Amino acid sequence: MSEKKIALITGVTGQDGSYLSEFLLAKGYEVHGVIRRSSVDYRERIAHLEGIKNFHLHYADMTDSMSLVKLLGIVKPNEIYNLAAQSHVQVSFDSPEYTADVDAVGVLRILEAVRTNHLESHCRIYQASTSELYGKVEQVPQNEETPFHPYSPYAIAKLYGYWIIKEYREAYNMFCCSGILFNHESERRGETFVTRKITLAAARIAQGKQEKLYLGNLSSLRDWGYAKDYVECMWLILQQDKPDDFVIATGVQHSVKEFATLAFKAAGITLRFEGEGINEKGICAEGPAQLLGKTLVEVSEDFYRPTDVVNLWGDPSKARRILGWNPQKTTFEQLVSLMVKHDMEKVAADHVTSVMRTNLAEYLEKGIVK
Ligand code: G4F
C-alpha cells in the first residue's frame, strides 16, 4: 500500500487554499495549512475543515524565515503549494514594500526552508504565479512564451517569485513549478475583487439593500475561470514526470462591463449602459418596478489604478495537451450564474440574521428573553 502523501499549503485560508484543501483531502492527502495570527477571524473558508482527520493548521508567516524552517522540519511535506500572497493589485500600490516582502522574498524563504531541511529531493513545490506578469501585454492571447511586462508592484514582486522558482529548479535540480493562473473566481472570492464586488452588489440592489455600485475601469478585459477547476491544475502540475510552468486560463475573454451586465441579468435586472469612460452609467432598463430608469452602476475614479492591466487573455493549449485539463469545464456564463445565485441566497440570509438580531435585542430589552 502506498504511503499517505503530505501537502503543505500556504495561504490556506484564501479562496484557492480552501478549494485545494478539499481537493487534496478527497484524494487521501494529509493536509497542513499555514495560518497567521490575527485578532480578527479570517478562517471562514476553512471552518468546515477544522477538526477533520488529516487536516492540520500551523502558525507561521511568509515574512518570518525561522517559522517556515521550523514548520517544514516538522511537517516534511511531499508537496508544497505556495499560495500565500498579498494578492490585491490595487492594494500593492499602497503597500508595495509589504507586497514585495510576502510575494517575492516569501517565495525565496520557502525555497530556502526546503533546502535547510534537506528536503530538496523529497518535496515538490508549486508556486502561484499570475497572468499579471504579462501586464502591459505584448501579445494576445498570452502563453508560456509570451514576454512578461509587469505593470504593478504586485506583478513585479510576483515576477521575482516566478524567476526564483525557475532558478532553484535549474541550480539545485529541485522540482519547482509555476502555474501562471489567469483570474479565477468563485462564491468564495474576496469581496473587493471586481467579480465578487459585482455579484454581491447585484444581489443587494435586487433585494433593496444597496442603491448603487461604483466601479473603476469598465472596459478592462479579463479571462475569468472558476477557482474550483483551477486547483485541480495546481495538483496536476506537481504530478508530472518533470517540473515545468503552465498557463491556466479558459481561453475566453470578457470585459468588466460584460460581467456586470450578465450578473445583474442573473439577479433579475437588465442594465442599459450610457456615456463613456468616467461618465459611463448602467441604468435599469428592465427589472423590479422601483428600480426602472434608476442609475445602478456608476464609474468612480477611486477604483482606477495608477497603471492598469487591461487585456489579459490566456492560451491554455499546453495545459490541455500535457495535463489533459479541460479549460471550459465551467463556462463564463455558468461562473457568473453560480456566483450570483450564491450571493442572492447570502444577502437574503443576512437579512434574516439581522432581523433575528434586531428582534433578539428588543426581546432582551423587554425582558422577554434573558
Ligand atoms: O478583480 P480585480 O481586482 O483583479 P486583478 O487586478 O486582475 O487581479 C486578480 O487576478 C490576478 C490574475 O490575473 C491575480 F494575480 C491577482 O492576485 C488577483 O487575484 O480587477 C480586475 C480588473 C482590473 O483591470 C480593474 O482595474 O477589473 C478592473 N476593475 C474595474 N472596477 C475593478 C473595479 N477592480 C476592482 N478590484 N474593483 C473595482 O471596482
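What percentage of the contacts in the protein chain with a separation of 6 or more comes from residues 24 or more positions apart? And, as the part to look at closely, which residues surround the ligand?

A: The model is predicted. Residues 24 or more positions apart account for 74% of the contacts in the protein chain that have a separation of 6 or more. The protein chain contains ten helices and 15 strands. Its radius of gyration is 22 Å, close to the 21 Å that the globule rule gives for 370 residues, so the protein chain is as compact as a globular protein of that length. Along the principal axes, its C-alpha atoms fill a box of roughly 65 × 60 × 40 Å. Of the 370 residues, 49% count as buried. The protein chain exposes about 17,200 Å², and carbon and sulfur atoms supply 52% of that area.

Now to the ligand. It is surrounded by 25 residues, and the closest are Ser-87, Thr-130, Ser-131, Ser-220 and Arg-305. Sorted by class, this shell has ten nonpolar, nine polar and six charged residues.

Some side chains can be described by distance. Lys-197 has a polar side-chain atom 2.7 Å from an oxygen atom of the ligand. For Arg-222, a polar side-chain atom lies 2.8 Å from an oxygen atom of the ligand, and for Arg-189 the corresponding distance to a ligand oxygen atom is 2.9 Å. As for cover, the ligand taken alone exposes 720 Å², of which the protein buries 97%.

Methods
Residues are numbered from 1 along each chain as its sequence is written. This is a predicted model: local features need pLDDT of at least 70, side-chain atom pairs count only at pLDDT 80 or more; totals for chains, interfaces and linings use all residues. Side-chain values use heavy atoms; hydrogens and water are left out. A residue is near a molecule or strand if one of its heavy atoms lies within 4 Å of it. A polar contact is a pair of N or O atoms within 3.5 Å; within protein, one must be able to donate a hydrogen and the other to accept it, and residues adjacent in sequence count only if both atoms are side-chain atoms. Accessible areas come from the Shrake-Rupley method with a 1.4 Å probe; for residues, only the protein chains shown count as cover. Ala, Val, Leu, Ile, Met, Phe, Trp, Tyr, Cys and Pro count as nonpolar, Asp, Glu, Lys and Arg as charged, and the others, Gly among them, as polar. Helices (H or I, at least four residues) and strands (E, at least two) are DSSP runs, numbered from the N terminus. The radius of gyration is taken over C-alpha atoms; the globule rule is 2.2 Å times the number of residues to the power 0.38. Buried means under 20% relative accessible area, exposed over 50%, partly exposed in between (1.4 Å probe, protein chains only). Contact means heavy atoms within 4.5 Å.
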